[in-house]
Amino acid sequence: MRRAAALRLQAALATAAIAAAIGVALPVIQASAASGSATGYATGNGGTTGGAGGQTVRATTGTAIHAALCSRASSSAPITIQVEGTINHGNTSKVSGASCNTADGVIELKQISNVTIIGVGNGAVFDQLGIHIREASNIIIQNVTVRNVKKSGSPTSNGGDAISMESSVRNVWVDHVTLEASGGESEGFDGLFDMKDNTQYVTLSYSILRNSGRGGLIGSSESDLSNGFITFHHNLYENIDSRTPLLRGGIAHIYNNSYVNLHESGINSRAGARAKVENNYFKDSKDVLGTFYTSELGYWQVGGNIFDNVTWSSPGSENYPAGPNPQSNTTVSVPYSYSLDGAGCVPDIVRQTAGANKGLQVSNGSCSPQTPTATPTSPTPSTSPTPSTSPTPSTSPTPSGTNLSIGAGSDGSSKADGTSYGNVRDGNMSTYWSPTGSTGDISIKWGSATTVSRIIIREASGSAGTIGSWQVINGGTGAVLKSGSGAGAITFAPTSLSKITFRITSSTGTPKVAEYETYAG
């Protein structure tokens, strides 16, 4: 077991039991969901706007947060929850309702969508209490502190993770938060920011992660490769043993972060993962980039980084450091616009802007802090140049290789009036295929055996998030190659076949499949 983090917080942690008084403000029509707008991969797949356009309520206890979720007209009704004060075990209880699925001793965002939680006033502190996002989409968490969440000892919460996501999570923006522990696994703590089991389109920005054994992971094991499209920018990682982050499979974009005192390893790309690592500042740290603790290699594209007093270990059977002279061994195409600060000023701009209670300031792209504009209705990043085309589901994810669906045949079942099977293989996001109801099959077929190991399902504009559960089926044998939920990229073992079917088995409405892309790798 790797050693615990060297520095320990000395303050005693209290869990005073206080009454769970619920104070809910009157609705505010068209309330702003958050300050600024989502950036990075959280702008893909239809964008991340949280509770924009819905009611706003005020909460001073964990129970009040749950009550606000449960009082909505539905589990997808937009809501912004403004939080002030200390949220702990003593004031966080399960609340029941048709629009929620909550639990004691954790902030549970389960089977819901369109929610913003934002710290206001004198600030919001989740003390020894984690935030758990499960089977959820379009979530914003902003301007809060989460500290000392334990998986062993007492009290425990959220498996020891400050913020965690799992089980078909889509579109989460976590911004200007402070996540901290008081040691490593031997002291009862786990990760600060974990994603697993099909979590995609997430951005962590302008945040502080410190004093922990583990910064966070993407993928819980070498077989959990369904996660990806994660952006980390303008964050401070300080006094961390490892996992800043640990990336298993998938794609991550990591830029303009400040890393100080990483004791054992930093960005750990493994199991085929690809990371674009640019204009970061690494200081007083060890093995800040590479593949570590496994023989299943990952990859990276590097540029513009500064390595200040960084030491590198020698390569070994399960140790593949990128240094002492890191070079790119892959390329990663990022589908969104963004502005890069020069690496030399990253420690200073991150110091001024990152973390809770910093006034939600962001960089202007030239190493100077500025106050963000109000949240717009579109997901275009406020600090990035406007792209030549508006963001749509067709811009993300960006695959590598040739889309084998172009020029292929197609068929299916339950075709709705006014649509065509061919619309899913024409490269045009403005045309789509729909079943007559909420379920149906759509297939791509070739005249001869074709090897496929990856598909991308892109939903038409305005229908993102409609597709629920699905199966990918070998049309020749009937074998199920993969099952899951939600549109996006789907990978499986390379399979030679002449027909591959995407079977929608549940949805929240009539699905609209704009493109069904197929790739050999």
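Where is proline 245 found?

Reply: Proline 245 is found in the loop between strand 16 (236–242) and strand 17 (246–248). Strands here are DSSP runs of E, at least two residues long, numbered from the N terminus. The model is predicted, so local features need pLDDT of at least 70 and side-chain atom pairs pLDDT 80 or more, while totals for chains, interfaces and linings use all residues. Residues are numbered from 1 along each chain as its sequence is written, and side-chain values use heavy atoms, with hydrogens and water left out.

Threonine 244 and proline 245 are joined by a cis peptide bond, with omega about 0°. Serine 154 to proline 155 is also cis, with omega near -5°. Proline 155 sits in the loop between strand 7 (144–147) and strand 8 (163–166). Most peptide bonds are trans.

Next, phi. Serine 167 is not a glycine, yet its phi is positive, about 65°. The loop between strand 8 and strand 9 (169–175) holds serine 167. At 5% relative accessibility, phenylalanine 229 is buried.

Now the charged pairs. The structure holds 16 salt bridges (a side-chain nitrogen of Lys or Arg within 4 Å of a carboxyl oxygen of Asp or Glu). One of them pairs arginine 214 with glutamate 185, at 3.1 Å, N to O. This pair links distant parts of the chain, 29 residues apart: arginine 214 in strand 13 (residues 208–214), glutamate 185 in the loop between strand 10 (178–183) and strand 11 (193–196).

Aspartate 190 lies in the loop between strand 10 and strand 11, 24 residues from arginine 214. Both aspartate 190 and arginine 214 are buried.

Lysine 445 and aspartate 411 form another salt bridge, at 3.3 Å, N to O. Lysine 445 is in strand 30 and aspartate 411 in strand 29 (residues 409–412), 34 residues apart. Lysine 445 is partly exposed, with a relative accessible area of 34%. Salt bridges with shared partners join Lys151, Glu185, Asp190 and Arg214 into one network.

Technical notes: Helices (H or I, at least four residues) and strands (E, at least two) are DSSP runs, numbered from the N terminus. Buried means under 20% relative accessible area, exposed over 50%, partly exposed in between (1.4 Å probe, protein chains only).
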